[in-house]
Amino acid sequence: MRSDSLGYLDPVTSSSTTAVKQSATFTIVPGLADSKCYSFRDSSGRYLRHADYRVRFDASNGTQLFNKDATYCARPGSVAGSVGLESYNYPGRYIRHYNYELRIDPYQDNATFRADSSFTAVSPWA
């Protein structure tokens, strides 16, 4: 995440600043719209949600639309142990990175899309 509150897939290493590490670390919580799915909260309490198909971080406004925008359902990813994150309110659209920007795009049955939309949870940065 950068200062524009939009989601990006940027490299993070052990030598990255604390701010960069924090912006790349999320708490996985039960989905705001469906507890069988997931929502992702950053260290400031904002949620990963989509608006106009672009992934961003926003504080919850408590609306049903926000809750749906901030809920993603895990689906099998293309690599063992990975998941695809399907939009709760736009079935068939998955979080994926494209030119380092995170967005929700319609599923495409090709290797590039599968790789760009598969994610693996890792330990948070200390």
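Two strands are said to pair if DSSP finds at least two bridges between them. Helices (H or I, at least four residues) and strands (E, at least two) are themselves DSSP runs, numbered from the N terminus.

The model on the screen is predicted, so local features need pLDDT of at least 70 and side-chain atom pairs count only at pLDDT 80 or more, while totals for chains, interfaces and linings use all residues. Residues are numbered from 1 along each chain as its sequence is written, and side-chain values use heavy atoms, with hydrogens and water left out.

I begin with the overall fold. The chain has three helices and eight strands, arranged along the sequence as α-β-β-β-β-α-β-β-β-β-α. Its radius of gyration, taken over C-alpha atoms, is 14 Å. That agrees with the value near 14 Å for a compact globule of 126 residues, where the rule is 2.2 Å times the number of residues to the power 0.38. Of the 126 residues, 38% count as buried, meaning under 20% relative accessible area with a 1.4 Å probe, protein chains only; exposed is over 50%, and partly exposed lies in between.

Next, the hairpin. Strand β7, residues 93-98, pairs with strand β8, residues 101-106, in the antiparallel sense over six bridges. Within this pairing, H97 has L102 in β8 as its bridge partner. Two residues lie between the strands of the hairpin, and N99 takes a positive phi near 55°.

What does D116 touch, leaving aside residues up to four places away in sequence? The residues are I95, R96 and H97, where contact means heavy atoms within 4.5 Å. D116 lies in helix α3, residues 111-116, and is buried, with a relative accessible area of 14%. Its side chain makes a polar contact with the side chain of R96 at 3.2 Å. A polar contact here is a pair of N or O atoms within 3.5 Å; within protein, one must be able to donate a hydrogen and the other to accept it, and residues adjacent in sequence count only if both atoms are side-chain atoms.

Finally, the disulfide, defined as a pair of cysteine sulfur atoms within 2.5 Å. A search of the whole structure finds one; it joins C37 to C73, with S to S at 2.0 Å. The pair links distant parts of the chain, 36 residues apart: C37 is in the loop between β1 (27-30) and β2 (38-41), and C73 is in strand β5, residues 72-76. C37 is buried at 6% relative accessibility, and C73 is buried with a relative accessible area of 6%.
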